[in-house]
Structures are given as C-alpha cells and as structure tokens.
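Here is a short tour of a few local features, written to be read with the model open beside it. Please take a look before going on.

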Amino acid sequence: MEILNVTKSVKHRAFTKRMLFAFLGMVLSFWLAGPASGKPMIVEKGVIKSDTVWEKEVVVRGDVEIARGSTLIVMPGTVVRFVRIEANGLADIPDKENHFPRAELIVRGKILAQGTRDRMILFTSAEDSPHPADWGAINLLDTRGNILEFCEVSYANTGLHCHGGQVIVANCYFHDNGVAMGQKNVKEFETKCVTSILYNRITGNGGGVLFGKGTSPAISHNEISNNEFYGIFGKKGSVANVRYNNVVRNAKGIMLYAMEGFRLRENNISDNEKYNISLLEGQTWDVDARHNWWGTTDKEKIKNLIWDKDQDEALGRLDFSDFADSPVEGAGALQ
Amino acid sequence: MKKKSLFLVVCFVFCLFSAQPLHCCVGRILVVAVSGSPEQAIMGEMLSILINERTGTTVNIVEYDPNACHEAVLKEEADIYINYTGVAQAGLGGANDVDDPLEVYALVNQSYKEKFGMVWLKPFGFRGPLTVEGGDEEDGRTLAAPVSTREVLKKFPVLDRVINKLGGRIDDNAMSELMKKTENQDIKETVREFLKKENLI
C-alpha cells in the first residue's frame, strides 16, 4: 500500500513536472513566437494614457497620441510601420494647423526612441511599395524631454515634425520623406522648440531641415545630401547655429528667408546643383558665412553658386570671406 | 537615378499638396490658374518657377476654361491668374472710349480692387486678346498682367515683389520667341532658360 502510494506519488510528481515543463515550453514558445517572428503588435487609432513600451514589430493603423504625462519607450531594434490610411479618413482632429492628413504619432507626452548603432529603430511605411507621405510624422506638440537616437525614419510626410517641442535627434537616418525635419513655434503652445540635430544622415528626401518662427536649432555634424529641393531652409524669426555639417549635392544647399540670426561656420557646402546658398526674397539681413569650405578656393566659382545682393540689390550680402582652403575636418556624421 | 529623382519630386509635391487642406507648416501651396492658350501656359510656368525659386513656396498650375480663371481666384480655389486689360474692361461693361493702355490698366485695377478685392500686378509687356468669349479670342491692344487678391498678397508677403520682377520684361517679341522655342523644347526648360538669362533665378 505504501509502495503503491509512493508509486502514485512519484507518478503524480512526474506528471506535474511534465505539465510544468509543457506549460513553460508553451510560454517560451509564445514568447519566442511573438512579434519578432510572427504577428506584430497592432496599434489602432487612439490615445496612449500610461507609460508604454513598444518592441519588436508594431503596426500603427491611425493617429496615435501619447497623452500628456505619459511616455512611450521604443526599444532598440523595434520596427514601427504606419499603414497608409485614407487622407483625413481617420484623422478626426479639429486642430488642423498642427496635423497631417495621414497616420501620425502625436507626442504630447514624451517619446524615448533610443536604438543602438547595431539595432536601430525603424519608423516607416507599412506599404509593400512605399512612397513619401504614406504616413504623417512623429509629431511633437508642446512637449519636452524627447529623444530620438539611432532611428531610421522614412516615407513620412515630415519625418520629425515639431510645433513647440524639445528634442534631441542624434545618429538618425532620414530618407525618402517629403521633408526630413520641420519645426516652428505656435502661439497656443507654451513650450518653445529647442532641438539639437546631431550626427544624422539626412539624405534623399524632398527637403532636409526646415525651421521657422522663433525656433533656434543647433545643427551640427550632419550629412545633409541629395535632397531634391534643399538641404537647410531657415525662415523668418528663427535663429540657428549650423556648424560642422556636410551640405552637399542638394538642389539648393541652404535657403534663407528673413532670418536675422544665422551662424554658419566650419561646414562643407559644395556641389549643390543650383546654389550652395540662396538668399530668398525678403532676406534683407546680411549673413555671416565665414570659415566654410565651398569645394574650391576660386573666389569667382564660389560666388557663382551664391545668390545674394550681387544678384538682387534688395537682398542682404553673404560674407564668405576667410573661407577654408580644404574640406573642414570632422564635419559630417560619424560613419 | 534620374527616375528616382523624378519620383521624389512628384512625391514631394504630392505630399505638400496632400498637406494643403490642413495647413501644416511644411509648406504653403500657391495655385496659378491658367487657360489653355500657349501664352497662358508659358506665363503659368514662368510664375511657378520664379515664385518657387525665389520664395521656396510650392506652386501648382491648374488649367481652367478661359472664363473660369477669375471665378477660381474669387472662390479661393486658385491664388493668381493672368488677365488682360481689354477682357477685364469689357467684363466691367464700360469705359471703352479710353484708348491709352496704361489708363485702362489703372481703371481696371481700381475697379477690381473695389469690386473683387483683387490687385493687378505689373503688366508683363506683351499684348493679349481684347475679349474672351467662349474661348474665341480677338486681338487688340490690351495688356497682360497677373492678378491676385489682397488676402493672398497679405498671406505671402513677398509675392507681389517677386511677381513684379516680370513687369515689362516680356514684350511681344520675347513672347513669340518663347512660343517658338516651346514648339521643340520642354516648356519648363524654355522658361527656366529665359529666367536665367534675365538674371531672375
């Protein structure tokens, strides 16, 4: 009897053990067969009201807002794909000044998207044949303390859009967007735009970096190249510090409109198709652009790729004196 | 590479265009309304390239029936169109006894301001048709000029200055030369060459 009981007990324990292993195996297999190897996490249109982590694969199917007070953490290696929704179809937002027709990630709380050099975070279109503007933007509205690091952003209307937002954008890669980054301050938001744009590759977009209305970005050590319309476009009321960038092979390297404070030093600005720098109508202030490399030491050749007071008396003058006699070392993004 | 570039240009314009109804800060879009005549096509491109190059604003050209351009601007579907002093004078129903083209220009400009809130910018220099009825144009001495609204000019503060740079630069000879060139050459390329030669872009 005792033996039987012992046998029963041993059998029972073995059974329990097998069940436990089976259960653990099931849990493990579910964990392993999660989004990375199978189904992505689907995020429908809505508001994220608590701290949230995104990892592996995420598909966004409409405007998603991170509410004030909440933080979205995006883990290294995460792929976030935005479904191309009907223009304005799902965007039921009355505040049209600050939004886009297609799906966007609206950040009123905070986003911390920090990949690594080997495991970048991807924000892109969910389409099989993606196009620029398949989705709206990572859209920062009246928010502080945001970080995008080692992220790849592609096929957005505006990759990173900022109305009154504070963000560090470092070591990211923006390509095939309508505009890579756009920012301005708006009256209704208390937060003013403060952006540090460092060590990024901004290449093959419609436009590169656009800023206006009271913004003061620091733009350093970026590769800004092959953008179809412009590399950098500074507009009225903004102040920018632009140093140690490569601004090359864009249609126009830099365009300026009504900017009073623009510091442009120690950059390589060359081989832009139409002009290396074009002062637009309304840019009546002079621009200090000394100590840059223009691709040549021939003053006439440098001048030929600049549009300023010499072409139009109403414009300011671009001072390119004391130009570098060879490419500025250390400029551009880290490889 | 070229294909990719063209694709990106199209997509960039598309994405700005699709953003238009929402007025995102990425870029405002201007619409130039043109009718189907060769002069209008050339001047539409001329305005589009000049405005884009000198202000960074994206410009779309939309074709309308000759009589519908004015309405399109009035309804705010378009921002600028090209009108002729003779056509405008006839439309206003009077003052045909005034022969001096500049006087006619001043009169229609004043009337358009009062009646439609529209502003006539500097005449380009070439002669346009005297009347436009059902698409049939009758020649005469009448000045072609860009017309926009006070609202648009307020919204785009340097627009009038940029457009006025074309004032008096395209006389009849220049226009016929441009038209001749566009028979064998892309219209955009032709216009861009002209603007470059005139040191306007």
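## Ground rules

Buried means under 20% relative accessible area, exposed over 50%, and partly exposed in between (1.4 Å probe, protein chains only). This is a predicted model, in which local features need pLDDT of at least 70 and side-chain atom pairs count only at pLDDT 80 or more, while totals for chains, interfaces and linings use all residues. Residues are numbered from 1 along each chain as its sequence is written, chains are lettered from A and ligands numbered from 1 in the order in which they are written, and side-chain values use heavy atoms, leaving out hydrogens and water.

## Aromatic rings

Rings of Phe, Tyr and Trp (its six-membered ring) pair if their centres lie within 6.5 Å; planes under 30 degrees apart count as stacked, over 60 as edge-to-face and the rest as tilted. Over all chains, the structure holds nine aromatic pairs. One of them joins A:Phe320 and A:Phe323, stacked at 6.2 Å centre to centre with 25° between the planes. A:Phe320 is buried at 8%, whereas A:Phe323 is partly exposed at 24%.

B:Phe124 and B:Phe126 have ring centres 6.0 Å apart and planes at 0°, so this pair is stacked. B:Phe124 is buried, at 0% relative accessibility, and B:Phe126 is buried too, at 1%. Also in chain B, one aromatic cluster is formed by B:Tyr105, B:Tyr112, B:Phe116 and B:Trp120.
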